[in-house]
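Thank you all for coming; I would like to walk through one structure with you, slowly, and stop at a few places in turn. Please have the picture open while I talk.

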Amino acid sequence: MTDRSNAAVLVLPQAGTVGARKILPMLLWVAALAIPTFAPGYTPLASQIVVMILFALSLDLLVGFTGIVTLGHAALFGAGAYTAGIMALRLTNDPLITALSGMAVAALVGLVTGSCMLRTKGLAFLVLSLAAAFMLHELANMATSVTGGDDGLQGVSFAPLLGVFEFDFRGQTAFYYSLACLFAAFLLVRRVVNSPFGWSLRGIRENDGRMRAIGCPIYRRRLAAYVISSALAGLAGALQAQITQFVALRSLSLELSGDVLIMLILGGAGRLYGAFVGVPLFMFAQDLLAKEDPANWYLGQGVILLVMTLFVPGGVLGLVERVRRSLGRGGRR
Amino acid sequence: MSGSAPILETRGLTRFFGPVRVTGDVDFTLHPGERRAIIGPNGAGKTTFVNLLSGRLAPSSGQVFLGGENVTAMSEARRIKLGLGRTFQITSLFPNLSVRKNVFLAVAEHEGVAWNLFRSAASHRRQFDRVDELLDRVGLSDVAEVPAQDLPYGRQRLLEIAVTLALRPRVLLLDEPAAGIPTSESHIILSILDTLPKDIAVLLIDHDMDLVFRFAQRITVLVQGSVMVEGTPAEIAANERVRKIYLGESDHAAA
Ligand SMILES: Nc1ncnc2c1ncn2[C@@H]1O[C@H](COP(=O)(O)OP(=O)(O)OP(=O)(O)O)[C@@H](O)[C@H]1O
Ligand SMILES: [Mg+2]
């Protein structure tokens, strides 16, 4: 409520912009609902985007709000995806049960790996997160009988959602289902970051030494954030398995960990809507550049990273905010 | 004063940085309600001593007791819960968060609502009342919504104190609270300290002798990590060795 950004709003009361802050996101949610009706051909792509937004949102809780930068977030996404996939092949293929299980397993993986890794921070943590994800990736690669190894889990089909809605070939059910999950996750994350717990995470991000000196159990606080983030990443992974009916080794890869981090940074970390902006931008750019030659895309990715870190540290949303603020100042003078 | 049990005590407290003994065999006691100052030349080990008390640093040997309990192995956060509060010589705040949020974080930890995940922080009325009361006490109400980093340094020093007072410490350690505040205004610090409950023990470190002598009932002089002398302000002012150190400080540093 009283952040730097909002303080600026208080200083520069502009009825239009304060309203836009609330109305624009609402319009976006409504517009998303209309995609299967007005652009049916894009529904499967839109589902992919929704899942990635959910994944990036889970990462935002760590990177943006707690200041934990990880290069192993795919480990948790993959844990959710493999849990859903393996369960569907062996136990039950009910979408909700497998999704919840995916969340639970990812949360558990997050709890176990996090309780070791979070004793460190900064670069040491970054390296450990990378190592943990590598190990999980290798484990899945070797356990071919369970995971399908390099081939992944093929032909994973799921029962109709709530016993009613089939996962149709046009992908409508998949889309509305993943959008509903994203919306629920968004509401949850928004609650959490606006709670005293969420504020304390920001305190840790800003100055963990001071947090310790006001009696905050930093380690447990960061671990809690890590587990919540893990569960949401696991949900994204499980959704991915359900809507593509396939689990690939890539879902545990460094590449995916890196991609989701870039997406978040591109949109703007620590802003709740950064994931919503960064993921589509990233995926469109990828689509555009990789069409002719995948090498173009790697170059493009490099350029994006370079430009973002050097010139636009707050991501696209940060840029928008800065422009608006300077316009507001100019207008008042 | 010495009739009551000490609230804070160290026995043989020693700390090395490499081969250098920065805290040397310090026996120190502080009683409830006491107003104590520690003075000493730059690099005497005053901040290190505070860090050993607060648990930021572990001693090489010796013990720390808080309220009679041996807290030597206890984490910083646990010592805070037992009633220790400290401020930092170099301002340590949450720079991008508003002044109110800075204090709220401390109030939330102290009142045990910081684990609240699902209720919005803004709806914690009772805690915010306390935040506003604290801001009023240190005279920062007018800048409550300003990000901490946008305050002038002197006012950041006051926020530093407010954040620590939010913890309702039984023992308050102030590491040069007036550093960065113009000497002409250091009385603000004194008047804030005057608003504290009388049973709080306060340990003040400062180079501003005027402030120190007006504040303290007793003064401890720390030189090269060890207690050189301890006494009432009058005794310290009359002490030959202390005068030598303070008058010939450059000589001493060269030695
Ligand atoms: N982390 C550290 N590693 C090595 N040496 C240190 C460290 N911290 C402090 N020192 C050294 O220990 C000595 C005491 O430092 P300390 O900061 O405790 O002094 P001080 O009395 O607070 O000084 P000042 O009045 O300047 O604040 C100094 O010589 C300092 O250089
Ligand atoms: Mg010092």
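This is a predicted model: local features need pLDDT of at least 70, side-chain atom pairs count only at pLDDT 80 or more; totals for chains, interfaces and linings use all residues.

G45(B) is buried, with a relative accessible area of 7%, where buried means under 20% relative accessible area, exposed means over 50%, and partly exposed is in between, all with a 1.4 Å probe and protein chains only. G45(B) lies in the loop between β3 (35–39) and α1 of chain B, and here helices (H or I, at least four residues) and strands (E, at least two) are DSSP runs, numbered from the N terminus. Between the C-alpha atoms of G45(B) and R21(B), which are 24 residues apart along the chain, the separation is 9.3 Å.

Residues are numbered from 1 along each chain as its sequence is written, chains are lettered from A and ligands numbered from 1 in the order in which they are written, and side-chain values use heavy atoms, with hydrogens and water left out.

What surrounds ligand 1? The residues around ligand 1 include G45(B), together with F17(B), V22(B), N42(B), G43(B), A44(B), K46(B), T47(B), T48(B), Q89(B), E176(B) and H207(B), a residue being near a molecule if one of its heavy atoms lies within 4 Å of it. Sorted by class, this shell holds 3 nonpolar, 7 polar and 2 charged residues, on a scheme in which Ala, Val, Leu, Ile, Met, Phe, Trp, Tyr, Cys and Pro count as nonpolar, Asp, Glu, Lys and Arg as charged, and the others, Gly among them, as polar. Helix α1 (residues 46–54) of chain B supplies the largest share of the shell, 3 residues.

Turning to the polar contacts of the ligand, I use that term for a pair of N or O atoms within 3.5 Å; within protein, one must be able to donate a hydrogen and the other to accept it, and residues adjacent in sequence count only if both atoms are side-chain atoms. A polar side-chain atom of K46(B) is 2.8 Å from an oxygen atom of ligand 1, a polar backbone atom of A44(B) is 3.2 Å from an oxygen atom of the ligand, and for Q89(B) an N or O atom in the side chain lies 2.8 Å from a ligand oxygen. Of the 630 Å² of accessible area that ligand 1 has on its own, the protein covers 57%, with areas taken from the Shrake-Rupley method with a 1.4 Å probe.

Let me move on to the aromatic rings. Over all chains, a search of the whole structure finds 14 aromatic pairs; rings of Phe, Tyr and Trp (its six-membered ring) pair if their centres lie within 6.5 Å, and planes under 30 degrees apart count as stacked, over 60 as edge-to-face and the rest as tilted. One of these is the tilted pair of F186(A) and Y273(A), at 5.0 Å centre to centre with 45° between the planes. This pair links distant parts of the chain, 87 residues apart, with F186(A) in helix α9 (residues 172–194) of chain A and Y273(A) in the loop between α12 (254–267) and α13 (274–290) of chain A. F186(A) counts as buried because its relative accessibility is 2%.

A second pair, W199(A) and F128(B), is edge-to-face because the planes stand at 75°, with the ring centres 6.1 Å apart. This pair crosses between chains, from helix α10 (residues 196–213) of chain A, which holds W199(A), to helix α4 (residues 125–138) of chain B, which holds F128(B). Both W199(A) and F128(B) are buried. K101(B) lies over the face of W199(A), at 4.5 Å from the ring centre, where a charge sits over a ring if NZ of Lys or CZ of Arg is within 6 Å of the ring centre and within 35 degrees of the ring normal.

Finally, a word on backbone angles. Most residues other than glycine have a negative phi. L272(A), however, has a positive phi of about 70°; L272(A) is found in the loop between α12 and α13 of chain A and is buried, with a relative accessible area of 12%. Phi of Q224(B) is also positive, near 45°; Q224(B) is found in the loop between β9 (218–223) and β10 (226–231) of chain B and is exposed, with a relative accessible area of 58%.
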